[in-house]
Amino acid sequence: MKTSRPPRSADRPQTRRPIRSLALLSAALTLPLWPATAQDAAPASSAAVRRNALKASTPVTLNFVNADVEAVSRAFALMIDRQILVDPRVKGVITVYSEQPLPVREAYLQYLAALRGLGFAIVDNAGLLKVVPEADAKLQAGTVSVGPVNQRGDQVITQIFRLTHENPNNLVAVLRPLISPNNTINANPGNSTLVITDYADNLSRIAKIIAALDLPAATDVEVIPLQHAIAADLAAMVQKLGDANAATAPGAPNTGVSVLADSRSNALIIRAANPARLAGIRALIERLDRPGLSGPAGTIHVVYLKNADAAKLAAVLRAAFGGGATSPGASSSAAAPTASPSPSPSPNAAGVATTPNAPSAQPSTGGFIQADAATNSLVITAAEPLYRQIRGVIDQLDGRRAQVFVESMIVEMDASKAAELGFQWQGLLGNKGDRFGLAAGTNFGASGNNILTLSQLGNGSTGLSPSAATNGLNVGLLQKVNGVYTLGALARFLETVSGTNILSTPNLVALDNEEAKIVVGQNVPFVTGSFTNTGTSGSTVNPFQTVERKDVGLTLKIKPQIGEGGVVRMTVFQENSSVVANSTSNANGPTTNKSSVETTIVADDGQIMVLGGQMKDQYDGGQDKVPLLGDLPGVGNLFRSESRKRSKSVLLVFLRPVVLRDAQTAQSLTLDRYEAIRAEQQGAQPAPSQVMPINAGPVLPPAKADKPGAAPSPAPTR
């Protein structure tokens, strides 16, 4: 092959001649730099293997000064025995030279570095090497590897790094400045991987950085058994000391510790941020795990409860340990489990508004476990071994109990339709001066619906009062008798349609296995007895009545019990009562309508269940008529009156329990209801008016969602 001398540079007085021509370089062989393709995987002959080994061991000297990129690429294609395709957008000259002979592999790496300096890169796509602009290399790179980087040079490849401990999103911000601007880095949090496209040499450096950063955030869990101290008491102290040195700045590493108490084995379970921190915590626990006081003073212990009731828990513990547990110097009778009775409220306490506050409960007496209700604590008199057993039971029973938010929906719909059609008439037959006369007519209904009643209403001058007409369309014919107008005929047409749609949603929160009750309504008096004393002398009357007040309205009483998997078992009593209109003046007391449901159900967390209800469809029809005449076709309508009525009523009771296991869930539900009421108040504001000065109604203040458990500030008064 004929070659030409490379052009001389204008700024060099003399250019070093190449040691070998392009023809000689084209005959040199090199070691393949990429994994063999499917075609290269075919078995090679022994002669080809010896020839490739000879080419790999033959050094070359480079002397390309301001040579065309495409021509140099063809020369290196012959050197490495691979085809190199140059993109049409790759133009310019390149300089690649060496002072000493180099292995073919090192010479090829210099060629890649020179391309990178010109803004070009080489990619391997389906076994074909392509020289493309650096900006397009990330899109055309076909080499994808997983795990350690096993390539070198300035070839653009895609590498997938699998992380074990660190979050890939956290490493993106660290590695992004270390990657060339034209290449990419992406994170996949789903399987904790990083996908990076960059030069092979840069990926080798990034792999070392990832290996140094992908470390566990904390040490392994260590269990430290205690010899003398109680795990539950020591855990709170160690946790507080560990959090005191923890970093609180945003984004700073967590240097605190996590401490849990295992009451069963009386041990502390510790996880620290680093081994040095763990060693300090272990040394602290060794200094605190010391024997307590000896003698009688060391047998009295005070345990402050966090969630349980002291009086109830003391009775349970005395019953559990009362068989063989007696305090020093105490008689066996004193160790018997005795629970102080708690005062129960009066049945009518809900109706009395002036009941004074109940005094504080007195400490329970008897046995070696005393309950102090004022501080909700237990005073235990027992030796150290027995105290450890009792304390283990207390730690298991003194847990935060879950709560249940119960939302009930009472839907009541009534629809009725009535129609009346009838004719009534009356007349007087006879001449003026006759001794006898004949009166005839039809009369249906009572009170204002009867024609005779309407004829007698009013004053002496007229027989019909303007206010005597009944509901519906009334058409009457008047006649004058003895100077007085009386009603001779009456036609009545009436149709009524009425409907009721009531939705009530009483809600309440109840503690697990505790009864809760809510009443929304009125406290109505009912007469239960009466007595009248006329006295021994005179006519003095002294009436006396006994009255009982009862709640009338919506009543919801539940007792939930949370089972495994969030299943809630509830005993439910729901009542909806109301006072019948115009019944309060009855001497025996008012009449009430009542619908109630009392049942025991099992529902999942958040499940809506129907407790019960009633669907009623009723039809009533009536007809008043004159015998025989009312049955005549056509004319019979003048001698009868008809009425029809149809009513439908639907009453359903729904219930939905929601389990609140922690403070965050309860706070979230509270804020949701709080904001809903606040939105209703904001939407019910009066329209602005310049005449009336009251232009704003009360609105709840914004809830403090950033502080869980904090109560909203009181609303300003207007």
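Modeller: A residue is called buried here when its relative accessible area is under 20%, and exposed when that area is over 50%. The model is a predicted one, and the part to look at is strand β5, residues 128-133. Five of the six residues of β5 are buried, so the strand is largely enclosed by the rest of the structure.

Next come the partners of β5. Strand β2, residues 84-86, pairs with β5 in the parallel sense, over three bridges. In that pairing, valine 86 stands opposite valine 131 of β5. Strand β4, residues 120-125, is joined to β5 by six bridges, and these two strands run antiparallel. Here valine 123 is the residue opposite lysine 130 of β5. β4 and β5 form a hairpin with two residues between the strands, and in this hairpin alanine 126 has a positive phi near 60°.

The loop between β2 and β3 (93-97) holds aspartate 87. With a relative accessible area of 16%, aspartate 87 falls under the 20% limit and therefore counts as buried. Leaving out residues up to four places away in sequence, aspartate 87 touches Val131, Val132 and Pro133. Its side chain also reaches the backbone nitrogen of arginine 89, at 2.9 Å.

Valine 131 leads on to the nonpolar core. The largest such core has 28 residues, and Val131 is among those with the most contacts inside it, along with Phe64, Phe76, Ile84, Ile94, Tyr108 and Tyr111. Two or more residues of this core come from each of β1 (63-68), α3 (69-80), β2, β3, α4 (104-117), β4 and β5. The largest share, eight residues, is given by α4.

Helix α7, residues 200-213, has 14 residues and reaches 20 Å from its first C-alpha to its last, close to the 20 Å expected at 1.5 Å a residue. Its buried residues are Ala200, Asn202, Leu203, Ile206 and Ile210. Seen down the axis of α7, these buried residues fall within an arc of 135°, so they line one face of the helix. Lys208 and Ala211 are exposed on the other side of α7. In general, an α-helix has 3.6 residues a turn, so residues three or four places apart point the same way.

The buried residues of α7 pack against β7 (156-162), α6 (168-175) and β9 (193-199). Isoleucine 196 is found in β9, and at 0% relative accessibility it counts as buried. Among the residues that isoleucine 196 touches, beyond four places in sequence, are Leu203, Ile206 and Ile210, as well as Ile157, Phe161 and Leu175. The C-alpha atoms of isoleucine 196 and arginine 176 are separated by 9.7 Å, and the two residues are 20 residues apart along the chain.

Notes: Residues numbered from 1 in each chain as written. Predicted model: local features only at pLDDT ≥ 70, side-chain atom pairs only at ≥ 80, totals over all residues. Heavy atoms only, no water. Buried < 20%, exposed > 50% of the residue type's maximum accessible area, 1.4 Å probe, protein only. Helix = DSSP H or I, 4+ residues; strand = E, 2+ residues; numbered from the N terminus. Pairing = 2+ DSSP bridges. Expected span 1.5 Å × (residues − 1). Arc of directions from axis to C-beta. Contact = heavy atoms within 4.5 Å. Polar contact = N/O pair within 3.5 Å; in protein donor to acceptor, adjacent residues only side chain to side chain. Core = buried A, V, L, I, M, F, W, Y, C linked by side-chain atoms within 4.5 Å.
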